[in-house]
Amino acid sequence: MWLLDELLKCKDSVNLAMINREQSLDYKNLWSKSEAISGWLKHNEKKFHIFDYHTPVVIYGNKEIDILPCMHASLKCGVAYVPVDTSYPVERLLKIIKQVNAYVVFNFSDVKIDIDATVVNQSDLNRIYIKYNDYKSDKADWVKDDDICYILFTSGSTGEPKGVPIKKKNIVNFMDWIQRFLPDDKTQYTVMNQVSYSFDVSLIPLYVFLSKGKTLYNFDKEMLSNLPELFENLRRSKLSVWISTPAFLEICCHDDSFNEKLMPNLERIIVAGEILTKTLVFEIKKRFPQVTIINGYGPTECTVLLSACTITDEMLQSDLPLPIGRLIDDAKFELLDLHKENGHNIGELAVISKSVSDGYYNNMEKNKECFWYDSLKQQHGYKTGDLVYFNHKLLYYVGRKDNQIKLNGYRIELGDISENINKLPYISNNVVLPIKKHDKIEYLMDVYSLKEDLSESNLKLTIRLKNDLGKLIPSYMIPRKFVRVNEFPLNVNGKIDRKKLLEDLK
């Protein structure tokens with residue numbers, strides 16, 4: 001199954017592809033708009049290095065409805081798109097644009113992007129739709145199996161974002177496997193489109209469900225910060241399929257009205273991106289007794305999900321935590337540095353699969369650490385950095401082997417945050433600590449020291465830190481709590497003793 005081939009079958013359909021507040025986009029208009037944009041890109045192919053060097057295009061936005069045809073147009077031109085959410089500050093965006101050497105940036109924000117490239121806003125798109133309304137793309141130009149479809153930028157330990165390029169062959173492998181966890185194809189239904197396009201779980205609605213001709217209902221970041229508006233849209237959406245992180249699901253459970261009366265059509269919940277707890281599943285089952293819950297796991301480097309399973313009553317009654325599923329069919333795996341803990345053989349998951357990316361974008365040094373090529377299978381392998389164990393062929397997640405964590409579905413390198421805090425002129429040093437509750441990361445705390453004593457109160461310093469940091473990193477990476485210390489405790493190796501630091505702050 002491939003997205004563009006399936007959309008071609010729907011190019012005359014008036015069924016809705018996407019609903020975004022008061023706007024909607026049917027499959028016919030989605031096709032024609034993406035054709036027009038691809039015509040404009042084709043007309044400017046030499047200027048934008050579209051077909052000679054396959055230079056990616058960057059899309060800066062949130063859930064605006066015309067982001068979708070921009071994505072599809074790039075695929076029709078055989079080039080990758082790079083989605084960057086507006087939660088990313090402009091400085092981060094500029095770093096990404098520079099890394100991919102983009103000549104075209106689709107800007108759906110109100111922010112002025114001052115770069116040496118063609119910046120396309122909504123009014124520019126409207127003119128493109130009119131000027132190129134008769135253009136028909138050549139299927140020979142569409143992305144091939146070995147062409148990159150998208151590049152997602154994740155947090156990097158050096159303070160620089162890392163680009164993960166995913167090819168068509170990676171996506172097709174994932175799409176073919178995930179079908180077994182989806183509802184019946186024969187009926188028309190609505191699917192949640194809430195996850196940021198910068199986060200790979202968003203590919204489930206964008207690729208899998210659009211290929212099936214379903215309707216995506218957008219939940220933008222303004223809705224997420226306004227609970228009455230969010231719940232009104234949940235009611236109006238008539239969702240059949242919910243796709244999110246467990247954290248977002250948990251937030252909705254804080255309201256008593258979140259139940260089957262609010263969403264009587266809901267039949268399937270797909271969650272990924274962080275640990276799913278039994279407590280949350282019991283709560284969901286109480287509110288939506290008939291719903292099926294799918295728990296998934298997968299690093300961005302391995303195309304959305306590497307494993308998944310349907311949560312059963314047997315799993316809920318087991319003494320074990322909830323599993324993250326069975327590995328994708330073609331995966332070959334190994335557990336590295338095995339050790340025994342609580343009766344389980346735990347090790348770092350290393351996997352070979354058609355879903356594995358070829359490696360980070362223009363980052364050979366990091367690729368040598370994490371990726372390898374299996375010449376026999378002619379596929380790439382990836383060391384996930386995730387500690388896991390198997391029990392009756394089911395995979396169970398234990399934690400990270402490094403300083404990378406998952407918070408609210410986002411994968412975050414603690415070193416990335418720390419590096420950016422150290423860039424602030426008044427900071428001497430800092431350590432970012434994940435604060436856990438019931439074995440789950442609740443929030444991030446930064447412990448810092450100053451270069452010189454400032455007269456500001458701790459409250460004013462915290463406000464200043466958050467404001468300054470907001471110019472450097474996305475809002476979801478900014479620690480909730482900041483604590484000032486005069487000096488850091490050190491361990492025998494002369495490194496900051498994180499464990500003692502946490503104990504001292506209790």
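I looked up the second largest cavity and found a volume of about 40 Å³. This is a predicted model, where local features need pLDDT of at least 70 and side-chain atom pairs count only at pLDDT 80 or more, while totals for chains, interfaces and linings use all residues. Residues are numbered from 1 along each chain as its sequence is written, and side-chain values use heavy atoms, with hydrogens and water left out.

My reminder on terms: on a 1 Å grid over the protein atoms alone, a cavity is a set of points where a 1.4 Å probe fits but cannot get out, and lining residues have an atom within 4 Å of a point. A volume is the space filled by probe spheres set on the points, which are joined across faces, edges and corners.

Which residues line the second largest cavity? I listed Ile 59, Tyr 60, Gly 61, Asn 62, Ile 67, Met 71, Pro 83, Val 84, Asp 85 and Tyr 197. Two or more of the lining residues come from each of β3 (57-61), α4 and β4 (81-85); helices (H or I, at least four residues) and strands (E, at least two) are DSSP runs, numbered from the N terminus.

Next I followed α4 (residues 67-76) to α2 (residues 27-43): their axes come within 8 Å and cross at roughly 55 degrees. Axes are lines fitted to C-alpha atoms, for helices over the stretch in contact, with angles from 0 to 180 degrees between N-to-C directions. The contact (heavy atoms within 4.5 Å) includes Leu 30 and Trp 31 in α2, and Leu 68 and Pro 69 in α4.

Of its 22 lining residues, the closest to the centre are Ser 198, Phe 199, Thr 300, Tyr 410 and Arg 411.

Note on methods: 1 Å grid on protein atoms, 1.4 Å probe; cavity = no way out; pocket = protein on both sides within 12 Å on 5 of 7 lines; lining within 4 Å.
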